[in-house]
Structure formats: structure tokens, C-alpha cells
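Biologist: Please take a close look at a single part of this structure. Then place that part in its wider setting.

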Amino acid sequence: MDKNLTEQQTHELSVIGIQKRFGTYQALSDVSFTVTPGEILGLIGPNGSGKSTLLECITGLLPVESGTIKWQGRQLSVENRKHVLWYQPDNILPFAEQQVTTTLSFFQHIHGQGRMDIDQLINRLELSPMLEKPLKALSKGYRRRVLLAIALLSRQPLLMLDEPFDGFDLRQSLAVMDLLRDCRANRTMILSIHQLTEAEKICDRFLLLDQGRVLAIGTLDELRKQTGLSSNATLEEVFLAIT
Amino acid sequence: MPLLEPPKKYQLARLVLIQEIRGLLVSPALWIMLIIVSLLVGYSFFQAVDLFSQASRTALSFPEMASGMNPLEGIFVPTFGAYYLSQTLLLPFVAIRLIGLDKQSGALKLLLQLPLSTLSLCGLKITAIGLVWLISLLPAALALILWHNLGGHIYPPEIAILVAGHGLYSLTVISIAMFASTISDSLPTAAMFCLAVTLGSWVLDFAASGQSGFLGTLGNLSLTGMLRQFENGLLSTAYVASFLSLALFFFLLTAIWLHPGQRLFLKIGKSFAGLLVLCIVVSSTVLAPQYMDVTENQRHSFNPADSRALQTLNKPLTITINLDPQDSRLLDLEQDVLAKLRRSVPKLNVTYAQIKSAGLFSASENDNYGLIQYEYGGRHDQSYSNSQNEILPIIYNLVGLQVVPDSMPTYRGHPLAIEATGSRWLFYIFLPLLFFCAAVYGRKGKW
């Protein structure tokens with residue numbers, strides 16, 4: 001079988017040799033990995049490890065020194081990435097002075113008939129009481145839910161979320177995980193997460209990043225084997241062993 | 001999974017445009033600006049009407065003075081002066097939000113992921129503020145209606161060019177503000193950058209007023225100086241092109257520098273290419289300008305017969321002026337004669353002799369002081385007059401032309417002595433209240 005065809009079938013996204021510098025600081029060094037269709041890949045790493053920078057480089061919001069992004073085996077220009085992936089940054093407050101319903105409606109119309117029904121999304125995220133309020137008037141938890149709703153309204157096949165569980169309590173995090181699992185059937189996801197407990201519960205594979213370098217990549221079992229830890233070792237223990 | 005088809009561009013553009021307009025309408029800065037504009041326009045209008053009425057009372061007794069009573073200079077330019085203030089000092093604060101707020105809130109990172117080019121995104125943003133800017137014309141429209149109802153005269157071409165001038169000035173300020181917010185990390189820095197340009201232009205124009213030479217030329221090319229041409233009722237392709245090129249240049253710079261994903265050297269290269277195009281466009285229009293005098297009394301033009309005759313001069317006409325640049329006679333000569341000659345004579349050389357006035361009561365160091373010398377085809381003449389009624393015959397005599405002026409209707413002016421105090425509430429209460437209610441509605445995020 002043709003090697004390229006095999007790659008096309010098994011790898012949805014290929015990130016090859018990404019290098020990014022801010023002045024003299026090397027933010028990303030030769031970062032390479034692949035993501036398979038329907039997979040949830042967790043980007044794990046301490047603060048400042050380069051998770052958000054990597055996501056912005058993949059999106060094209062930051063220029064890279066070198067590296068290639070491929071989609072189903074074909075190289076993706078920055079312009080074409082807009083059709084393939086949607087990146088939801090952390091700590092943003094878009095159109096904060098407008099009512100939540102207006103902002104959600106804008107993104108719903110922008111994406112056309114999305115993968116998720118907006119009413120269903122509002123119900124699952126319990127946003128109904130907040131629809132008439134401006135985004136800036138909401139609590140941190142509700143703001144995160146609105147941002148998640150905006151992300152899930154997108155229709156690109158690859159969804160990249162930066163810290164999707166930040167600001168949620170345990171019950172809310174579990175509800176969001178359920179929602180994301182429901183979406184995984186028709187979407188591939190990359191989640192940048194620093195809470196390892198949440199990451200362990202939802203991600204299929206993990207990419208451990210530290211100081212802009214890929215330390216390890218694989219399923220939890222594969223990482224346990226790499227580090228020589230027992231089969232009941234948690235992701236936290238694996239992470240500590242690797243770093 | 002197959003790649004998704006991008007949404008239709010025009011639908012996307014319409015949605016983003018509506019969202020941008022909505023973003024401006026919920027901004028308190030816009031409504032505060034509109035409230036201030038209402039108060040300023042009202043104040044300027046009623047002051048102008050009072051002064052115009054006082055002058056008209058005299059003019060109505062002495063008809064020969066009535067020809068000086070034209071509403072453009074007496075009413076509309078002062079009324080629109082309020083817009084100059086708001087466009088210079090307040091509009092930048094509204095315009096920087098277009099990009100600055102999106103950058104600050106992170107909305108820009110989402111907008112840049114939409115299948116729209118940065119050029120289209122910037123175009124939609126500037127269209128949105130352009131449409132919202134039209135709301136700011138409401139007080140001026142009210143002033144025009146009021147003036148008309150009071151029996152005042154309106155000459156539409158004069159109003160059109162005045163509005164066009166302020167529109168171009170606003171467009172340029174908006175483009176500068178957008179660029180400032182693109183390259184600045186915070187809204188206050190962007191505001192300072194933009195105000196530095198608009199206020200700097202104001203100061204430059206003030207410093208250059210009454211000056212000739214390089215400073216005078218620079219003053220004419222300042223934003224304020226260019227706007228004044230429109231206020232004078234003289235439409236010039238050079239000034240229209242300069243305004244448009246400047247606005248387009250800063251707009252292109254915004255589009256080039258907005259996307260954080262572009263490499264620095266690419267941005268610098270594209271910016272220089274934009275600058276080159278700007279220089280070519282401006283120099284080509286400044287070197288061969290076309291003019292249209294839209295004033296009702298055609299005060300920027302000679303009699304059509306004179307204009308036609310002067311356009312036939314195929315040899316260089318040289319005028320040497322022995323006047324101090326600060327001398328008021330030179331200023332009158334510049335405005336009443338030289339400016340018109342520059343627009344009519346194909347090859348005109350004006351030379352300013354290096355000469356200083358010794359003051360009103362002192363003897364001049366140079367016996368030629370005040371003398372204006374003319375040379376055409378080897379023939380010479382001279383005069384102390386700065387009036388076109390004496391200068392044109394001198395030129396025709398040198399050229400050997402006999403010009404019979406076309407018969408033109410005499411401009412009798414539009415004096416009007418009225419009281420307009422009863423309508424002050426429209427500008428001081430009604431409009432501010434209307435804009436305040438809109439602001440409160442917007443604060444609830446309801447637009």
C-alpha cells in the first residue's frame with residue numbers, strides 16, 4: 001500500500017518540526033506529533049511549557065521559524081487552516097458588552113448549521129438564565145461555558161481548546177467532559193490542560209511538553225511503560241517521573 | 001472526514017459588518033461623542049446665526065455690503081467647526097476600539113480564524129464605523145433644516161463639499177486610529193499615538209498660517225490645511241487624492257500589521273510597497289491638479305473669459321514679489337490673485353524676493369519694497385497693486401490680449417437678520433437626551 005495513502009487514512013493532523021522563538025527565547029523546539037481521526041489529544045505541561053504557543057502556531061496566529069502542518073497528508077497553508085481547525089484561546093472575553101444570546105447567535109450564523117444544535121448546547125451548559133446578560137457581567141464559570149459554547153458551535157473537524165476545564169468545579173468539569181465526549185464522534189480534539197486529573201479522564205493520548213520540547217507522547221499505558229511505572233500509576237505520577 | 005466548504009463570503013461579510021456595527025453601538029464612547037457633538041454644533045450654529053444676523057442688519061441697509069454675506073462662510077463652516085473638534089479629539093477614542101478592544105478581549109483571535117482575509121476584515125470594520133459616523137451628522141442635518149426653516153439660503157454644492165471634506169478628514173483619522181491600535185499593546189497608547197498625529201497636524205497648521213515657503217506648503221498639506229480647502233468651497237483633485245491616499249495607506253498598514261501570524265520582514269516589505277504607491281499617487285495628483293470652484297459666488301475663479309484667456313498663455317509668466325512674507329498685502333495677493341493665476345496660467349513662475357519690511361512708519365531698506373514685477377515673453381511691467389482688477393490688465397497688456405469679460409449674474413449675497421433662540425433645546429436637550437437613551441439601551445447590551 002502507498003505510504004502516503006496510509007498516512008492520509010490514519011493521521012488527520014500532522015505537526016512536523018515546529019520551531020518558535022521569541023527573540024532569543026526558544027519557545028518551541030522541533031515539536032512533532034500526529035493526531036488520528038476522532039481522537040482527543042491532551043497537551044500536558046506546566047505553565048510556560050509552550051502549550052498555548054503551540055496551539056497558536058498550529059492555527060497560524062503566530063509565525064513559526066520552521067515546521068509544517070499537514071491535514072490528511074496534505075500541507076496546509078495558514079489560509080486553509082481556517083477551514084480545517086478552530087482554536088478557542090484561554091482567557092478571552094469576546095464582545096463582552098453584548099448580550100450572550102447575541103454573541104452565540106453571531107457565531108451560530110457565522111458557522112452556519114453547526115455540528116451541535118444551539119438550543120441543545122445552551123441546555124447542556126445551563127446557559128439559559130444568562131442569555132440576556134452581557135458576557136462581562138457573568139461569573140468566571142459562566143464565561144467559560146459561553147466560550148465553550150462558541151467553540152462547540154464551530155464546524156471545523158479539528159477543535160483545539162486551551163484550558164477548557166479551568167474555572168469549573170468538579171461537577172461542572174464532569175458535565176463538560178460528557179459534552180466533549182458526545183462531540184468526539186465526529187470531531188478530533190486537542191485540549192491543552194494543566195489539571196492532570198481532568199486530562200486523564202477525557203484524553204485518549206497525551207503529549208507532554210516542557211520548556212517547548214516534547215518529552216513524551218502516547219496513551220497513559222504507553223507512558224507508564226516508558227517510565228517503568230506500574231499499571232495503576234496516575235497521569236500525575238507519570239508526569240512527575242518524566243519531568 | 002472531508003474538508004468543509006467555507007461559508008459564502010458575502011453572508012459572512014454581512015454578519016461581521018452587523019457585529020461590528022453592534023459593537024460600536026454598545027460603546028459608551030460613541031454616544032458620549034455624539035452628545036458632545038450635539039452641544040458643540042448647537043453652540044456653534046447659534047453663535048454663527050447671531051453674528052450673521054448682526055452683520056446682515058448692516059448689510060440690509062447698505063446693499064453693496066450684502067454681497068459679502070454668504071451662508072457657507074457665515075453659518076456652515078463655523079457650525080461644522082464643531083465636527084472638526086470632535087473628529088480631532090474624540091473620534092480617535094471611538095475608532096481605536098474597533099481593533100484595540102478586539103485585541104484586548106481576544107475577539108480578534110476568533111475573527112482572524114474566520115474565512116475572511118485581514119483586508120476584508122479591516123474593510124468591514126471601517127465600513128461599520130463609516131455607517132455609524134453618519135449618525136453624527138444628525139445635529140448638522142438639524143442645523144440645516146433649522147436654517148432653511150428660518151428662511152436661510154442653502155447652496156447644496158457648498159454643503160456637499162463641506163460634508164465631503166469632513167468625511168475624508170474623518171476617514172483619515174479613523175484609518176490612523178485603526179493603525180495605531182494595531183501596533184499598540186493598549187488602548188491608551190493607541191489613543192496617544194492618534195492624538196499626536198491629529199493634534200500635531202493642528203499645531204502644524206497653526207504654526208504655518210500666514211507663512212510662505214516650506215512651512216507654508218507643509219501647513220497646506222497638514223490634515224487641517226487640507227480640510228480648509230473643502231471649507232473654502234474649492235474642490236481639488238490634489239487634496240481629495242491626498243486625503244484618500246493617506247487614509248488608504250494607513251488602512252493598508254492596518255491590514256498588513258493586524259495578523260500576528262505574518263513574519264515581521266514580510267510586514268515591513270509590504271508596508272514599504274504601500275508607501276511607494278502612496279508617494280506615486282500623491283505626487284502624480286499634486287503635480288497635475290484639477291480644480292472645481294463650487295462656491296455660489298465663484299470667488300475662487302476669475303471671470304470665465306479671463307480664465308479662458310489665461311489658459312492660452314503659452315510662454316512662462318514670471319511674477320517677482322518684493323514683499324515680506326508676513327505682509328498682509330502679500331496674503332491678500334496670494335488669496336485673491338496668485339491662487340487663481342496658479343489654477344489658470346499653464347506656466348507660472350512666482351518668485352519671492354528676499355526682502356524685509358521696515359515697519360509701517362520706518363523707511364524701507366529697499367526702494368523696491370511692495371513692488372510686483374511681471375515678465376512675459378521678454379516684456380516687463382510692474383505695479384504696487386495687489387488687486388486683480390489692476391493686475392489682469394497688466395498681464396493682458398504684456399501678452400497683447402484684449403479680453404471682454406463674460407456677462408455673469410451679480411452675486412448679491414444672502415443676508416438674513418433673524419432670532420433662532422427658541423430652537424436651542426433641540427441641540428441642548430432633545431438630541432443629547434436621545435443619544436443618552438441610546439447609550440443606556442446599549443449598556444444593557446441590547447443593540
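**A close look at Val35(A)**

Modeller: Leaving out neighbours within four places in sequence, Val35(A) contacts Glu12(A), Leu13(A), Leu41(A), Thr188(A) and Ile190(A). Two residues are in contact if their C-beta atoms, placed from the backbone, lie within 7 Å. This is a predicted model: local features need pLDDT of at least 70, side-chain atom pairs count only at pLDDT 80 or more, and totals for chains, interfaces and linings use all residues. Residues are numbered from 1 along each chain as its sequence is written, while chains are lettered from A and ligands numbered from 1 in the order in which they are written.

Val35(A) belongs to strand β2 (residues 25-35) of chain A. Strands (E, at least two residues) and helices (H or I, at least four) are DSSP runs, numbered from the N terminus. In a regular strand, side chains alternate between the two faces of the sheet.

Val35(A) counts as buried because it has 21 C-beta neighbours inside 10 Å. The cut-offs are 20 or more other C-beta atoms within 10 Å for buried, 12 or fewer for exposed, and partly exposed in between, with C-beta atoms placed from the backbone. Ser14(A) is 21 residues away from Val35(A) along the chain. Their C-alpha atoms are separated by 6.5 Å.

Now the chain around this residue. Chain A has 10 helices and 10 strands. The radius of gyration of chain A is 18 Å, close to the 18 Å that the globule rule gives for 243 residues, so chain A is as compact as a globular protein of that length. That radius is taken over C-alpha atoms, and the rule is 2.2 Å times the number of residues to the power 0.38. Along the principal axes, the C-alpha atoms of chain A fill a box of roughly 50 × 45 × 40 Å. Of the 243 residues in chain A, 46% are buried. Among contacts in chain A with a separation of 6 or more, 69% link residues 24 or more positions apart.

Next, the partner chain. The contact between the chains takes 31 residues from chain A and 26 residues from chain B. On the chain A side, the elements giving two or more residues are α3 (78-84), β6 (85-88) and α4 (100-111).

Chain B is divided into domain 1 (9-295 + 424-443) and domain 2 (304-399), with bounds from an automatic or database domain assignment. The C-alpha centres of these two domains of chain B lie 37 Å apart.
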